[in-house]
Amino acid sequence: MKFYITTPIYYPNDIPHIGHAYTTIAADVLSRWNKSRGNNVFFLTGTDDHGKKIAQTAKKAGKTPKEFTDELIPKFKEAWKKLNIKYDRFIRTTDKDHEKVVSKILQLVYDKGDIYKGTYEGFYCTGCEAYYTEKDIENNRCPIHKTEVEKLKQESYFFKLSKYKKKLLDLYNKNPEFILPDSKRKEIISRVKKELRDLSISRTDFDWGIPLPFDKKHVCYVWFDALFNYYSATRTKGKEKFWPADVHLIGKDILWFHTVYWPAFLISAGIELPKTVFAHGWWTFDKEKISKSRGKVLNVDDLIEIAGVDSARYFLIRETPLGDDGDFSEKSLVNRNNNELANDLGNLLSRTLTLIEKNFNSEIPKSKSELTFDIGKIDKLMKNYELDKALAEIWKFVNKCNKYINDKKPWEVKDKEKLAKILYTLTDSLRIISILLHPFIPETSEKINKQLNIKLGTLKDCKPNLLKKTKIKKGEHLFKKI
Ligand code: MSP
């Protein structure tokens with residue numbers, strides 16, 4: 001089966017921070033899990049290069065938007081490489097193939113009669129790249145950024161969003177999995193029921209964007225352009241089969257764009273709809289809003305520096321359910337690194353391998369495992385996007401192994417056959433653990449396999465007794481305590 005997963009495309013106006021890293025890591029975990037399940041996966045990430053925000057930031061830096069973004073894109077790619085993110089394509093909205101698709105769709109929607117010319121009068125927040133009405137703003141300030149909004153009055157093309165109200169409500173009702181988590185679905189339904197106005201989709205006061213094919217004085221609204229990245233990435237040869245997307249993983253702040261504008265654009269263009277939009281929560285940092293100006297921002301290098309890449313990946317996924325908000329603190333990351341990763345997992349491997357070195361000259365004898373394991377429960381949690389619970393469930397198995405070693409006390413066992421059975425049980429279980437953990441902490445999983453001297457398996461190998469006789473290569477401890 002195919003599985004197509006996307007992250008939002010990030011604004012390349014600064015280097016990525018923990019918020020961007022979170023969405024990307026969660027998508028990487030889901031992508032890798034699906035690969036292990038045997039699915040044909042397409043994992044897309046990228047950047048949202050157009051729009052007023054980028055044009056303004058570039059201008060301040062004394063560069064053209066293209067020069068400015070060309071310099072920042074490598075920083076995103078480096079950050080994802082450091083975090084061990086294995087995406088299949090990094091799309092930019094300045095990619096020619098994407099621009100062509102957007103242009104074609106604009107023409108199509110225009111020809112259909114869903115785009116008309118008018119005058120936009122209202123407010124705009126460049127930070128959000130979003131339109132606001134008098135009701136939304138307080139003291140002329142954006143409800144999210146708290147910065148002053150811009151008052152606009154200009155000729156603009158509008159998309160007939162209001163026409164799609166009933167179709168959208170039908171979509172939410174007939175496909176409850178279209179918006180996840182469910183609490184977010186309810187919020188969107190009530191907002192759509194209340195009011196749905198036509199949407200201004202073009203601007204004339206700057207030119208950093210895709211020109212409207214039917215009126216080149218106008219550039220396309222950045223969100224119309226950006227959302228179509230998910231579709232245009234599947235218009236290249238060999239990728240067509242991936243549309244519709246299985247899941248768009250996004251942050252809760254951009255749910256409206258993804259569950260109201262996006263399906264309406266697609267219905268208008270006659271394109272099949274994605275199956276799920278999943279909105280994750282927001283991270284605070286020491287209980288404060290992440291903010292650059294207040295020094296409360298953690299970029300990817302800072303995050304990795306605390307205890308390494310896998311500790312960061314593990315912490316972010318384990319600490320809080322995907323749909324909830326979470327608080328990041330160095331102390332809680334270090335605690336999880338020391339207790340769960342170094343003690344529970346690291347010690348389990350090193351104790352087991354030390355005993356094999358000592359008693360069997362590093363060669364694991366084939367025997368029969370005494371521990372059972374059921375992948376079904378974990379796979380179900382992963383299908384439900386309950387990544388934190390899946391990790392907790394994997395940890396139950398890790399600690400089942402720890403209890404087993406403590407109960408059996410292999411260091412006291414003299415009978416070679418009995419001892420072989422205990423150590424086989426433990427190594428065969430560690431083999432399964434390495435498969436389960438690979439999507440979450442790939443580097444650690446590879447280290448376990450290297451020390452066991454075996455190849456990484458896939459989900460279908462998560463059953464006991466598949467380990468053959470092997471000569472282990474005990475290495476360094478998996479995690480350093482901080
Ligand atoms: N360019 C748009 C997305 C277009 S998708 C067609 C955009 N970019 S962004 O760079 O501002 O943000 C991207 C993502 O980062 C969003 O999903 C947002 O929720 C996430 N985060 C930014 N700060 C965050 C936290 N503090 N915590 C968690 N995620 C956060 O929006």
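Helices (H or I, at least four residues) and strands (E, at least two) in these views are DSSP runs, numbered from the N terminus. The model is predicted: local features need pLDDT of at least 70, side-chain atom pairs count only at pLDDT 80 or more, and totals for chains, interfaces and linings use all residues. Residues are numbered from 1 along each chain as its sequence is written, and side-chain values use heavy atoms, with hydrogens and water left out.

**View 1. Thr94 in its loop.** Let's start with Thr94, which sits in the loop between strand S3 (89-92) and helix H4 (96-111). Thr94 has a relative accessible area of 10% and is therefore buried (buried means under 20% relative accessible area, with a 1.4 Å probe and protein chains only). Setting aside neighbours within four places in sequence, Thr94 is in contact with Asp49, His50, Glu99 and Trp208; contact means heavy atoms within 4.5 Å.

**View 2. The shell around the ligand.** Here 23 residues surround the ligand, and the closest are Ile9, Asp48, Gly251, Asp253 and Trp283; a residue belongs to this group if one of its heavy atoms lies within 4 Å of the molecule. By class, the shell holds 13 nonpolar, eight polar and two charged residues. For this sorting, Ala, Val, Leu, Ile, Met, Phe, Trp, Tyr, Cys and Pro count as nonpolar, Asp, Glu, Lys and Arg as charged, and the others, Gly among them, as polar.

**View 3. Polar atoms at the ligand.** For Ile9, a backbone N or O atom is 2.8 Å from a nitrogen atom of the ligand. A polar side-chain atom of His20 is 3.4 Å from an oxygen atom of the ligand. Taken alone, the ligand exposes 670 Å², and the protein buries 94% of that; the areas come from the Shrake-Rupley method with a 1.4 Å probe. Strand S1 (2-10), helix H1 (18-36), helix H7 (222-227), helix H8 (229-232) and strand S12 (247-251) are the elements that give two or more residues to the shell.

View 4. Ile115 is part of strand S4 (residues 115-125). Why does Ile115 count as buried? Its relative accessibility is 5%. Not counting residues up to four places away in sequence, Ile115 touches Leu106, Val109, Tyr110, Tyr157, Phe158, Phe159, Ile201 and Phe214. The open sheet of four strands runs in the order S5-S4-S6-S8, with antiparallel pairing (two strands pair if DSSP finds at least two bridges between them). Its edge strands, S5 (130-132) and S8 (199-200), each pair on one side only. S4 and S5 are joined in the antiparallel sense over three bridges, and Phe123 has Tyr132 in S5 as its bridge partner.

**View 5. Arg313 in helix H11.** Arg313 is placed in helix H11 (residues 309-319) and counts as buried because its relative accessibility is 0%. A polar atom of the Arg313 side chain lies 2.8 Å from the backbone oxygen of Leu83. Beyond neighbours within four places in sequence, the contacts of Arg313 include Ile25, Asp28, Arg32, Asn84 and Phe440.

**View 6. Trp283 and the three-stranded sheet.** This open sheet has the order S15-S14-S16, with mixed pairing. Strand S14 (residues 283-285) and S16 pair in the parallel sense over three bridges. Trp283 has Gly326 as its bridge partner in S16, and Trp283 is also among the residues closest to the ligand.

Conventions
Polar contact = N/O pair within 3.5 Å; in protein donor to acceptor, adjacent residues only side chain to side chain. Buried < 20%, exposed > 50% of the residue type's maximum accessible area, 1.4 Å probe, protein only.
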